[in-house]
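Have the viewer open and follow along point by point.

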Amino acid sequence: MTALATPDASSPCDTGADQDVAAAPRADCIADSAGGLTFDVTDTGGEGAAYLLLRRRDAASAAEDVRLPLSPAADGRLRAALPSSVELAEGRWNAYAEVDGAAPRRLAPGVNDLRSLVDRAPSGARGHIAVRIPYATKQGNLSVRSWLRARTRRSAS
């Protein structure tokens, strides 16, 4: 089996171009109407506590990483939830499966169910509108694009 590329805190712009995507764990993503994402991950390839790691490509340090616990779900998969209440800075976030004691492994994209975003009307209750879209990179890895926009008021006509 080919070794997978791993992120390096000194190189936060990892594109994952040199990794074996066929051997990578796969994640299906489901968006909810509140702006959250659920990730269902296939076998992470390790034993111990597992996490979904999101690393912003242009982050200044690994301190900005977002780690979400992966818990057992149906069909022998592991599930992580990124609720809308968790702030995700604007940018492109690479997704990894991380198991205690092992280097993080890039995730391959599975099925992205984004139907709930079609008619979504973000509330803007926090003073901004947040959107998160999972997508496949041109190298075949899973990433999440996050936007934060100031809420605008429309005048009544």
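Which side chain meets Arg56 in a salt bridge of 2.4 Å, N to O?

1. The side chain of Glu64 is the one, with 2.4 Å from N to O. A salt bridge here is a side-chain nitrogen of Lys or Arg within 4 Å of a carboxyl oxygen of Asp or Glu. The structure holds six of them.

2. Before going on, a word on the ground rules. This is a predicted model, where local features need pLDDT of at least 70 and side-chain atom pairs count only at pLDDT 80 or more, while totals for chains, interfaces and linings use all residues. Numbering starts from 1 along each chain as its sequence is written, and side-chain values use heavy atoms, with hydrogens and water left out.

3. Back to Arg56, whose side chain also meets that of Asp58 in a salt bridge (2.6 Å, N to O). Together, Arg56, Asp58 and Glu64 are linked in a network of salt bridges. How well covered are they? Buried means under 20% relative accessible area, exposed over 50%, and partly exposed in between (1.4 Å probe, protein chains only). Arg56 has 13%, so it is buried; Asp58 has 53%, so it is exposed; and Glu64, with 29%, is partly exposed.

4. (Strands, E, of at least two residues, and helices, H or I, of at least four, are DSSP runs numbered from the N terminus.) Both partners are buried: Arg55 because its relative accessibility is 8%, Asp65 because its value is 13%.

5. Now the nonpolar core, meaning a set of buried Ala, Val, Leu, Ile, Met, Phe, Trp, Tyr and Cys residues joined through side-chain atoms within 4.5 Å. The largest one has 23 residues, and Phe39, Leu52, Leu54, Leu82 and Leu107 have the most contacts inside it. Two or more residues each come from β1 (26–31), β2 (37–41), β3 (50–56), β4 (66–69), β6 (78–82), β7 (91–99) and β11 (142–150). The largest share, four residues, is given by β7.

6. A contact means heavy atoms within 4.5 Å. Not counting residues up to four places away in sequence, Phe39 touches Asp28, Cys29, Leu52, Leu78, Arg79, Ala80, Leu82, Leu142 and Val144.

7. Asp40 lies in strand β2 and counts as buried because its relative accessibility is 8%. A polar contact of 2.6 Å joins its side chain to that of Arg79. (That term covers a pair of N or O atoms within 3.5 Å; within protein, one must be able to donate a hydrogen and the other to accept it, and residues adjacent in sequence count only if both atoms are side-chain atoms.)

8. Finally, the sheet. Five strands form an open sheet in the order β5-β6-β2-β1-β9, with mixed pairing. The edges are β5 (71–72) and β9 (108–113), each with a single partner strand, so one side of each has no neighbour in the sheet. Strands pair if DSSP finds at least two bridges between them. Four bridges join β1 to β9, which run parallel, and Arg26 stands opposite Ala108 in β9.
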